[in-house]
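Here are my notes on this model. Please read them with the structure open beside you.

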Amino acid sequence: MQLRRFRPGDEAALHRVHFSAVHVTAARDYTPEQLEAWASSAPDTAAWARRIQGINPFVVEIDGIIAGYADVQPTGYIDHFFVSADYPRQGVGRLLMDRIHDEAARLGLNTLTSDVSRTAQPFFERFGFRVIEQRQPVRHGVTIPNALMRKDLGRETDRRAGSATVQRFAEQHDDADDAPSYRS
Ligand SMILES: CC(C)(COP(=O)(O)OP(=O)(O)OC[C@H]1O[C@@H](n2cnc3c(N)ncnc32)[C@H](O)[C@@H]1OP(=O)(O)O)[C@@H](O)C(=O)NCCC(=O)NCCS
């Protein structure tokens, strides 16, 4: 498994990963109408290319095939986080999340945030993110519920994402820090 930055020419492969993650992996949590609004089967390829170039993600390859990608912006916002349904639960997401944490440390960020699908929320929780707010974004006229999640990096005693130490530390401190609406 290899991790690298996005390169021009990756756009079509990243679209395949995105489409697979949405239409296969996320299909258990959303209706066909929601999935189509989220990832169109007839995409605007030029707009997609601009979008992907703009977020400049990290990319994971397995045997030369792109299996997943994710970004982190200078604000700490994670815009895209997708692993192909051909490579589920093989550590691709963990490799990307660890790289995002390394990048956050390099940039001196205190917080990571993301608007996270129902499908990915347990994964983000596994890495110490907590739900801040349930959201109902509308895309192409269709509501696709997700949640704003946040991780405060300053709390970590062990920087490695998802470690038992981090989990225990977060669990002990969350109730005191977060508003009553936490995980509402
Ligand atoms: C969520 C997603 C990125 C996870 O990627 P992945 O490569 O399968 O995750 P990994 O194999 O690296 O898993 C890392 C850890 O998270 C856990 N995990 C992964 N998916 C999980 C899930 N759905 N529920 C609970 N735990 C999960 C794994 O068990 C593993 O835990 P461990 O360290 O104790 O073994 C992937 O399923 C996906 O792309 N989902 C659909 C698209 C989507 O919704 N993207 C997010 C948009 S915001």
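**Notes on the fold and the ligand shell**

1. Helices α1 and α3 (residues 45-55) pack at an angle of about 95°, and their axes are 10 Å apart. Axes are lines fitted to C-alpha atoms, for helices over the stretch in contact, and angles run from 0 to 180 degrees between N-to-C directions. Helices are DSSP runs of H or I with at least four residues, strands are E runs of at least two, and both are numbered from the N terminus. So α1 is roughly perpendicular to α3, a term for angles of 65 to 115 degrees.

2. E11, L14 and H15 of α1 meet W48, A49 and I52 of α3. Contact requires C-beta atoms, placed from the backbone, within 7 Å.

3. This is a predicted model: local features need pLDDT of at least 70, side-chain atom pairs count only at pLDDT 80 or more, and totals for chains, interfaces and linings use all residues. Residues are numbered from 1 along each chain as its sequence is written.

4. F19 lies in α1 (residues 11-23). F19 and S41 are 22 residues apart in sequence, yet 7.9 Å apart in space, C-alpha to C-alpha.

5. The protein chain has six helices and ten strands. Of its 184 residues, 29% are buried.

6. Around the ligand there are 22 residues, of which G93, R94, S117, A120 and P122 come nearest. A residue counts here if its C-beta atom, placed from the backbone, lies within 6 Å. Elements giving two or more residues to this shell are β5 (81-83), α4 (92-107), β6 (111-117) and α5 (121-126).

Definitions and conventions:
A residue is buried if 20 or more other C-beta atoms lie within 10 Å of its own, exposed if 12 or fewer, and partly exposed in between; C-beta atoms are placed from the backbone. Angles under 35 degrees count as roughly parallel, over 145 as roughly antiparallel, 65 to 115 as roughly perpendicular and the rest as oblique. Two residues are in contact if their C-beta atoms, placed from the backbone, lie within 7 Å.
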